[in-house]
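Have the sequence and the 3D view open as you read.

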Amino acid sequence: MAYTVDTLLDELEENMMKTEDALSGMFSGIRTGKASPALVENITFEYYGTQTRIRDAAGITAPEPRLLVIQPWDASAVKSIEKALLASNIGITPMSDGKTLKLPIPELSQDRRASLSRQAKSSAEEAKVALRNIRREGNDAVKKFEKDGELTEDERKKMLEDIQKITDSYIARVDAMYSAKEKELMTV
């Protein structure tokens, strides 16, 4: 990516923000024993020859704390959505009446909670690696700017410190997100 001296920090922070948002989306798809449309909305299914997200072709509601109801706008999509739900790794078998799909959310076992917690930890670690890669890109750009004469040695040191501060703050946010998700998963 082509950075400039003036925009480097803003662009790095924007990339780190995108990483944080992606992790947040990933965490919302990890179920906690409570019905949440986020659990299924991004699952894709075959709809007239194209892969379509469930949220783009159906209404998803949680009328009860332990029940999700998916109501496709086109009744012919029910079978395809049901197949996609069975193929996904959410571990819930949908019940179909031909027009809607009901997903009863079972209580999570302790083993399943631990497994989901490990999955969340893995996602958090991947996010931290991505943040460190963004930091490395920024550090490389700063060193190149100094080599090309666009920065003095003092400016380089200051920018490297700023990049490290931004990285540290985002890593702390990822850790906080993981801690909150782990607590949510392990609470019975």
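## Glu-46 and strand β1

Glu-46 comes out as partly exposed, at 45% relative accessibility; the scale used here calls a residue buried under 20% relative accessible area, exposed over 50%, and partly exposed in between, with a 1.4 Å probe and protein chains only. Glu-46 sits in strand β1. Helices (H or I, at least four residues) and strands (E, at least two) are DSSP runs, numbered from the N terminus. Glu-46 and Ser-80 are 34 residues apart along the chain, yet 6.2 Å separates their C-alpha atoms.

A word on the ground rules: this is a predicted model, so local features need pLDDT of at least 70 and side-chain atom pairs count only at pLDDT 80 or more, while totals for chains, interfaces and linings use all residues. Residues are numbered from 1 along each chain as its sequence is written, and side-chain values use heavy atoms, with hydrogens and water left out.

## Two loop residues

Tyr-48 is in the loop between β1 (44-47) and β2 (50-53). Its phi is near 50°, a positive value in a residue other than glycine. Tyr-48 is also exposed, at 68% relative accessibility.

Asp-97 has its place in another loop, the one between β5 (95-96) and β6 (101-104). With a relative accessible area of 55%, Asp-97 is exposed. From Asp-97 to Val-78 it's 9.1 Å in space, C-alpha to C-alpha, and 19 residues in sequence.

## How α4 and α5 pack

Which way do α4 and α5 run relative to each other? Helix α4 (residues 110-147) and helix α5 (residues 153-186) pack at an angle of about 170°, and their axes are 10 Å apart. The two are therefore roughly antiparallel. For the conventions: axes are lines fitted to C-alpha atoms, for helices over the stretch in contact, and angles run from 0 to 180 degrees between N-to-C directions. Angles under 35 degrees count as roughly parallel, over 145 as roughly antiparallel, 65 to 115 as roughly perpendicular and the rest as oblique.

The residues of the α4 contact with α5 split into 16 nonpolar, six polar and eleven charged. Here Ala, Val, Leu, Ile, Met, Phe, Trp, Tyr, Cys and Pro are the nonpolar set, Asp, Glu, Lys and Arg the charged one, and the others, Gly among them, are polar. Met-177 belongs to helix α5 and counts as buried, at 19% relative accessibility. Met-177 and Thr-152 are 25 residues apart along the chain, with 38 Å between their C-alpha atoms.

## Salt bridges

Side chains of opposite charge can pair when their charged atoms come close. Searching the whole structure turns up eleven salt bridges, each being a side-chain nitrogen of Lys or Arg within 4 Å of a carboxyl oxygen of Asp or Glu. One of them joins Glu-20 and Arg-173, with the closest N and O atoms 3.1 Å apart. That pair links distant parts of the chain, since Glu-20 is in helix α1 (residues 8-28) and Arg-173 is in helix α5, 153 residues apart. Glu-20 is buried, at 13% relative accessible area, whereas Arg-173 is partly exposed, at 37%.

Lys-181 and Glu-184 meet at 3.9 Å, N to O, and both lie in helix α5, three residues apart, about one turn of the helix. Lys-181 is buried at 7%, while Glu-184 is partly exposed at 33%. Salt bridges that share partners also tie Glu-125, Lys-128 and Asp-175 into one network. Within it, the closest N and O atoms of Glu-125 and Lys-128 are 3.4 Å apart; both residues lie in helix α4, three residues apart. Lys-128 is buried at 11%, and Glu-125 is partly exposed at 34%.

## The largest pocket

About 340 Å³ of space lies in the largest pocket. Its lining has 17 residues, and Gly-29, Ile-30, Leu-39, Asn-89 and Ile-90 lie nearest its centre. The elements giving two or more residues to that lining are α1 and α4, with the largest share, four residues, coming from α4. By type, the lining divides into seven nonpolar, eight polar and two charged residues.

As for the term, a pocket is found on a 1 Å grid over the protein atoms alone, as an open set of points where a 1.4 Å probe fits, with protein on both sides within 12 Å along at least five of seven lines; lining residues have an atom within 4 Å of a point. The volume is the space filled by probe spheres set on the points.
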